[in-house]
Amino acid sequence: TSSTAKSYNITLLPGDGIGPEVISVAKNVLNLAGSIEGIEFKFNEMPMGGAALDLTGVPLPEETLTAAKQSDAVLLGAIGGYKWDKNEKHLKPETGLLHLRQGLKVFANLRPASVLPQLVDASTLKKEVAEGVDLMVVRELTGGIYFGKPRGFGTDENGQKIGFNTEVYAEYEIDRIARIAFETARKRSGKLCSVDKANVLEASMLWRERVTAISAEYPDVELSHMYVDNAAMQLVRNPKQFDTIVTNNIFGDILSDEASMITGSIGMLPSASLGASGPGLFEPIHGSAPDIAGQDKANPLATILSAAMLLKYGLGEVKAAERIELAVLDTLNEGFRTGDIHSAGNKLVGCEEMGEQVLKSVDTKT
Ligand code: ATP
Ligand code: MG
């Protein structure tokens, strides 16, 4: 326990579906882990997504964005649901999330994928391949082919309709994501693999050139490069060879989903979105799961682990983060499982009970 009490402002965006259930649990876990480590949290709960649409007519109210920007970190539950699926684009919950990311200027998306020893059976891969996997995909989030111009539809010289997009990266965009990736690798095992298609694409050639240049600032991190087609193959052949992976927007989109399927546990996976300065955005990778909302069935561990990422990557409170991570492992060791990860011989519990068990472990493991 530290002697000087630190205080942080956290914006909570529970959102829709199971969002409020998992956020409520994660908030309690943050509070307890913080208090043990001499950290105080001031929580500010704001409407977002479909909940905000029903309340205010927009998916991201001005007050919510302002509160998020002024806080030290943002913890989001999940957004969306059948109810708003037919809305016009600017009135969709998902559009609110896009605007939140833009407003917070977060350009790096961190997605860990680890196969916990207690959940090896959930993996889509063979036990020998899955066991011990512990990797992190750092995806560039605001550049590349999803945003590059020119884009659109047209007609070619034969009168055929065409669709086109442009892969563009500026040096500064690569440099800043590279720095976040090297910092991340440094907090982990010190190994970074940069994934590109530098044998074919100019944007990838620049990517490789800049990542290599930035590596001079991080002599303690071991850098390697891999082509994306090979990386996609290696991820299922031998995922244990990876620690931290950094890649562009579209490759990261694909590889992070591939990596999460290795673990096979959607209710377990957290994520972080970081910018150069300002608050980061932390959220589980799963959606609002409307099929189980309001039934106390949701797995809160992805959100609890997102809270741990908030502490580690958002606030630099590594000890409190590790306390939470250990409590999650401890709870799984004791056999507690929600429906999504349940198998014979374990204790089936609901969202609230799982939260209580994690709280107990946070408290007793010192
Ligand atoms: P989105 O489009 O918002 O990403 P989705 O419809 O693609 O959402 P999810 O909402 O993540 O996907 O749900 C997919 C399935 O996984 C559903 O059957 C849901 O019940 C289940 N699921 C998702 N998250 C959890 C969780 N935390 N605990 C238990 N089950 C979950
Ligand atoms: Mg959906």
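Biologist: Hi! How do S8 and S10 pair, and over how many bridges?

Modeller: S8 and S10 run parallel, with 4 bridges between them. Strands here are DSSP runs of E, at least two residues long, helices are runs of H or I with at least four, and both are numbered from the N terminus. Two strands pair if DSSP finds at least two bridges between them.

Biologist: And what am I looking at, numbering included?

Modeller: This is a predicted model, where local features need pLDDT of at least 70 and side-chain atom pairs count only at pLDDT 80 or more, while totals for chains, interfaces and linings use all residues. Residues are numbered from 1 along each chain as its sequence is written, and chains are lettered from A and ligands numbered from 1 in the order in which they are written.

Biologist: Thanks! Which residue is the bridge partner of Val195 in S10?

Modeller: Thr247 is the partner of Val195. S8 also pairs with S9, in parallel over 6 bridges, and there Cys193 stands opposite Ser224.

Biologist: Which helix does the chain pass through from S8 to S9?

Modeller: Helix H7 (residues 202-214), in a right-handed β-α-β crossover. Right-handed means that, with the strands pointing away from the viewer, the path from the first strand over the helix to the second runs clockwise.

Biologist: What's the strand order of the whole sheet?

Modeller: The order is S2-S1-S3-S12-S11-S4-S5-S10-S8-S9, an open sheet of 10 strands with mixed pairing. S2 (39-45) and S9 (222-227) are the edge strands with a single partner each, so one side of each has no neighbour in the sheet.

Biologist: Let's switch to S11. Why is S11 largely enclosed?

Modeller: Because 5 of the 5 residues of S11 (residues 270-274) are buried, meaning 20 or more other C-beta atoms lie within 10 Å of their own, with C-beta atoms placed from the backbone (12 or fewer is exposed, in between partly exposed). Pro270, Ala272 and Leu274 cover one side, and Ser271 and Ser273 the other.

Biologist: What pairs with S11?

Modeller: S4 (residues 108-114) joins S11 antiparallel through 3 bridges, with Leu110 opposite Ala272. S12 (residues 280-284) is antiparallel to S11 too, over 4 bridges, and Pro270 stands opposite Pro284. In the S11 and S12 hairpin, Gly278 has a positive phi near 85 degrees.

Biologist: Last one: how many residues surround ligand 1?

Modeller: 15, with Gly267, His286, Gly287, Ala289 and Asn299 the closest. A residue counts as near if its C-beta atom, placed from the backbone, lies within 6 Å.
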